[in-house]
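Please read this briefing alongside the model itself.

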Amino acid sequence: MGNGSISAQVFNYSELCAITNNFDSAALIGEGGFGKVYKGTFPSTNQVVAVKKLDRKGFQGNREFLCEVLMLSLLHHPDLVNLVGYCAEGDQRILVYEYMANGSLEDRLLDLDPSKKPLDWSTRMKIAEGAARGLEYLHDKADPPVIYRDFKASNILLDEDFNPKLSDFGLAKVGPVGGKTHVSTRVMGTYGYCAPEYALTGQLTTKSDVYSFGVVFLEIITGRRVIDTSRPAEEQNLVTWAQPLFKDRRKFTLMADPLLEDKFRTKALYQALAVAAMCLAEEDSTRPLISDVVTALEYLALDKDPDDGIDAESESHSPRGDDDSDKEEEVAVSCMPTEVGDEEK
């Protein structure tokens with residue numbers, strides 16, 4: 001798997017206490033069901049790190065801890081978070097990662113601090129492309145392939161330049177080998193992000209990750225959480241709300257995050273929603289491969305910023321505009337196996 005060499009350091013508990021001031025609340029930068037994350041700096045190298053101290057009573061137990069250490073010690077890619085080291089002294093279970101200055105995608109997209117600027121369209125596409133590349137590495141480059149199983153906004157971390165990296169590999173599974181089509185396992189993950197066939201049968205494939213990617217990509221486009229009980233009943237489940245809208249391009253602009261302020265090319269929105277819809281196909285066999293998704297997102301991530309000579313506001317309310325000048329833009333989804341519905345025909 002990966003390059004076969006384990007690079008993570010083993011830290012003493014006292015070392016990690018020293019760089020977090022005994023896990024002082026002033027150093028706390030995040031927390032969840034797994035435990036708490038603290039910021040620290042190793043004085044000898046000035047390396048800034050994130051120290052994740054697992055809750056011994058929490059959901060993530062020894063199995064997930066060992067899985068994460070193994071996976072991130074053997075798998076190395078620019079779009080996967082770098083595991084600096086770990087501590088398993090006594091009953092302590094602590095993971096030390098590279099520090100990601102902009103926190104998680106959830107922080108910057110769904111829990112945005114009012115003092116921070118919303119993510120613009122080009123940054124959102126850049127994040128989606130990088131996250132897809134991380135999955136592509138796991139599915140197509142790692143040997144044997146790895147199914148991530150927990151793809152969600154809170155597990156996508158962002159560096160100072162908003163480059164994304166996948167984190168939290170505690171639920172990752174080695175994919176099917178030897179001609180097998182799936183891995184059977186107990187259903188794990190986060191409600192709303194799990195593929196329907198996996199939730200029903202426990203049969204896990206790389207296409208399960210593709211579905212989860214589609215959910216997150218829809219969150220990126222709409223700025224809505226996959227499950228949001230604060231919304232009206234018909235809008236609380238993002239995928240259920242979006243499915244009928246996917247069938248009518250005239251409603252596509254209604255799906256864009258209002259914080260984008262119409263600063264995007266309408267064609268780019270159409271194509272992004274088409275990619276999301278394909279990833280969210282009910283039947284796993286009709287979803288695209290993640291490599292096809294990457295190809296489409298490469299195009300979308302290179303799309304011009306609307307401030308660079310494009311009147312996004314006028315275009316965002318334009319008709320379909322399927323004239324010859326737009327033909328080159330169709331390449332973004334030409335490799336995908338299905339098309340999103342269109343009731344305007």
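Which residues does S208 touch, not counting residues up to four places away in sequence? S208 touches A195, E197, Y198, Q203 and R287, where contact means heavy atoms within 4.5 Å. This is a predicted model, in which local features need pLDDT of at least 70 and side-chain atom pairs count only at pLDDT 80 or more, whereas totals for chains, interfaces and linings use all residues. Residues are numbered from 1 along each chain as its sequence is written, and side-chain values use heavy atoms, with hydrogens and water left out.

**The chain as a whole**

- The chain holds eleven helices and twelve strands, taken as DSSP runs numbered from the N terminus, with helices being H or I of at least four residues and strands being E of at least two.
- Of the 345 residues in the chain, 51% are buried, a term that means under 20% relative accessible area, against over 50% for exposed and partly exposed in between (1.4 Å probe, protein chains only).
- Among contacts in the chain with a separation of 6 or more, 67% come from residues 24 or more positions apart.

**Selected buried residues**

- S208 lies in helix α6 (residues 206–222), and its relative accessible area of 3% makes S208 buried.
- R108 belongs to helix α3 (residues 105–110) and is buried, with a relative accessible area of 10%.
- Apart from its neighbours within four places in sequence, R108 is in contact with N102, K116, K117, L119, L158 and F162; of these, L158 is 50 residues from R108 in sequence, with a C-alpha to C-alpha distance of 8.9 Å.
- D150, in the loop between β7 (146–147) and β8 (156–158), counts as buried at 8% relative accessibility.
- The C-alpha atoms of D150 and D209 are separated by 7.9 Å, although the two residues are 59 residues apart along the chain.

**Aromatic pairs and charges over rings**

- A search of the whole structure gives ten aromatic pairs, where rings of Phe, Tyr and Trp (its six-membered ring) pair if their centres lie within 6.5 Å, and planes under 30 degrees apart count as stacked, over 60 as edge-to-face and the rest as tilted.
- The pair of F23 and Y38 is edge-to-face because the ring centres are 5.1 Å apart and the planes stand at 75°.
- This pair links distant parts of the chain, with F23 in the loop between α1 (13–19) and β2 (28–32) and Y38 in strand β3 (residues 35–42), 15 residues apart.
- F23 is buried at a relative accessible area of 9%, and Y38 also counts as buried, at 7% relative accessibility.
- F252 and Y270 form an edge-to-face aromatic pair, at 5.4 Å centre to centre and with 80° between the planes.
- Here too the pair links distant parts of the chain, F252 being in the loop between α7 and α8 (266–279) and Y270 in helix α8, 18 residues apart.
- F252 counts as buried at 0% relative accessibility, as does Y270 at 6%.
- One aromatic cluster is formed by Y148, F151, F169, F213 and F217.
- The charged end of R93 sits over the ring of F65, 5.9 Å from its centre, and R224 lies over the face of W241 at 3.8 Å from the ring centre; the criterion is NZ of Lys or CZ of Arg within 6 Å of the ring centre and within 35 degrees of the ring normal.

**Cavity and pocket**

- On a 1 Å grid over the protein atoms alone, a cavity is a set of points where a 1.4 Å probe fits but cannot get out, and a pocket is an open set with protein on both sides within 12 Å along at least five of seven lines; lining residues have an atom within 4 Å of a point.
- One cavity of 30 Å³ or more is found in a search of the whole structure, and the largest cavity has a volume of about 70 Å³, a volume being the space filled by probe spheres set on grid points that are joined across faces, edges and corners.
- Twelve residues line the largest cavity, and the closest to its centre are R149, Y193, C194, Y198 and S212, while α6 gives the most to this lining, with three residues.
- The second largest pocket has a volume of about 300 Å³, and of its 15 lining residues the closest to the centre are G192, C194, P196, Y211 and N237.
- α7 gives the most to the lining of the second largest pocket, with three residues.
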